[in-house]
Amino acid sequence: MDRVDVILAQWRRERPDLDTGPMGLIGRIRRVAAHLSRGMEKTFMAHGLNGASFDVLATLRRSGPPYALSPGDLLETMMITSGTMTNRIDQLEKAGLVARAHNPEDRRSVIISLTKKGFATIDAAVTAHVATQARLVAALSPEERAMLNAVLGKYMAGFEG
């Protein structure tokens, strides 16, 4: 029995009239997500990053050469407010990981790009991140991972279309 089973047993005892099956599923998803987040945050911290800064740098890195995007393009991939994005970019710029430059196609806008330091940082961090993720899913066989991935993809599609 895991902690969720204990909670469900308590609810069955106190409120046998309720179907707590969904509570168990959601509780387990939330607890697994918390374990995953803690594991990944440790990796990010080892590279001087947090989840938010990793996301910005990783988005720039996976965009391909010249590893530069407009703030609007960054916003589209991250689902955060423009104020939050500006703050993240400010912090990354202070750390020397990104640079702002005027957009050569529109001088009223800027382009955010990885610096050499930012490129090296995100390459090392993403390598460690992939290793951390492999460790975090190691309790599942490749077949179980594929099955869980398919089920979660179907579940997520119900929310995201």
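Modeller: Axes are lines fitted to C-alpha atoms, for helices over the stretch in contact, and angles run from 0 to 180 degrees between N-to-C directions. Keep that for the helix pairs. This is a predicted model, where local features need pLDDT of at least 70, side-chain atom pairs count only at pLDDT 80 or more, and totals for chains, interfaces and linings use all residues. Residues are numbered from 1 along each chain as its sequence is written, and side-chain values use heavy atoms, with hydrogens and water left out.

Colleague: What pLDDT does the chain average?

Modeller: pLDDT is the predictor's confidence in each residue, from 0 to 100. The chain averages 94 here, and 100% of the residues score at least 70.

Colleague: Which elements have the lowest and the highest mean pLDDT?

Modeller: Elements first: helices (H or I, at least four residues) and strands (E, at least two) are DSSP runs, numbered from the N terminus. Helix α4, residues 71–78, has the lowest mean, 87. Helix α6, residues 116–136, has the highest, 98.

Colleague: Now the helix pairs. At what angle do α3 and α6 pack?

Modeller: At about 105°, with 10 Å between their axes. Angles under 35 degrees count as roughly parallel, over 145 as roughly antiparallel, 65 to 115 as roughly perpendicular and the rest as oblique. The pair α3 and α6 is therefore roughly perpendicular.

Colleague: Which residues in α3 and α6 meet?

Modeller: Contact means heavy atoms within 4.5 Å. From α3 come Phe-54, Leu-57, Ala-58 and Arg-61. They meet Phe-119, Ile-122, Asp-123, Ala-125, Val-126 and His-129 in α6. The contact of α3 with α6 divides into seven nonpolar residues, one polar and two charged. For those classes, Ala, Val, Leu, Ile, Met, Phe, Trp, Tyr, Cys and Pro count as nonpolar, Asp, Glu, Lys and Arg as charged, and the others, Gly among them, as polar.

Colleague: And how do helix α3 and helix α5 pack?

Modeller: Helix α3 spans residues 51–62 and helix α5 residues 82–94; their angle is about 85° and their axes are 10 Å apart. They too are roughly perpendicular to each other. On the α3 side, Ala-52, Ser-53, Val-56 and Leu-57 make the contact; on the α5 side, Met-85, Arg-88 and Leu-92 do. The contact of α3 with α5 divides into five nonpolar residues, one polar and one charged.

Colleague: On to strands. In what order do the three strands form the open sheet?

Modeller: The idea is simple: strands of a sheet pair through backbone hydrogen bonds, either parallel or antiparallel. Two strands pair if DSSP finds at least two bridges between them. Here the order is β1-β3-β2, with antiparallel pairing. β1 (68–69) and β2 are the edge strands, each pairing on one side only.

Colleague: Over how many bridges do β2 and β3 pair?

Modeller: Six, in the antiparallel sense; β2 covers residues 98–103. A hairpin through two residues joins β2 to β3. Helix α5 lies across β2 and β3, running at about 115° to β2.

Colleague: Is Met-45 buried or exposed?

Modeller: Exposed, because its relative accessible area is 60%. Met-45 belongs to helix α2, residues 21–46. From Met-45 to Pro-66 the C-alpha to C-alpha separation is 26 Å, and they are 21 residues apart in sequence.

Colleague: Which residues does the cis peptide bond join?

Modeller: Pro-65 and Pro-66, with omega about 10°. Pro-66 is in the loop between α3 and β1. Tyr-67 lies in the loop between α3 and β1 as well. Phi of Tyr-67 is near 60°, a positive value in a residue other than glycine. Tyr-67 counts as buried because its relative accessibility is 19%.

Colleague: With which residues is Ser-113 in contact, leaving aside neighbours within four places in sequence?

Modeller: Leu-60, Tyr-67, Ala-68, Leu-97, Val-98 and Ala-99. Ser-113 is found in strand β3, residues 106–114. Ser-113 counts as buried at 19% relative accessibility.

Definitions and conventions
Buried means under 20% relative accessible area, exposed over 50%, partly exposed in between (1.4 Å probe, protein chains only).
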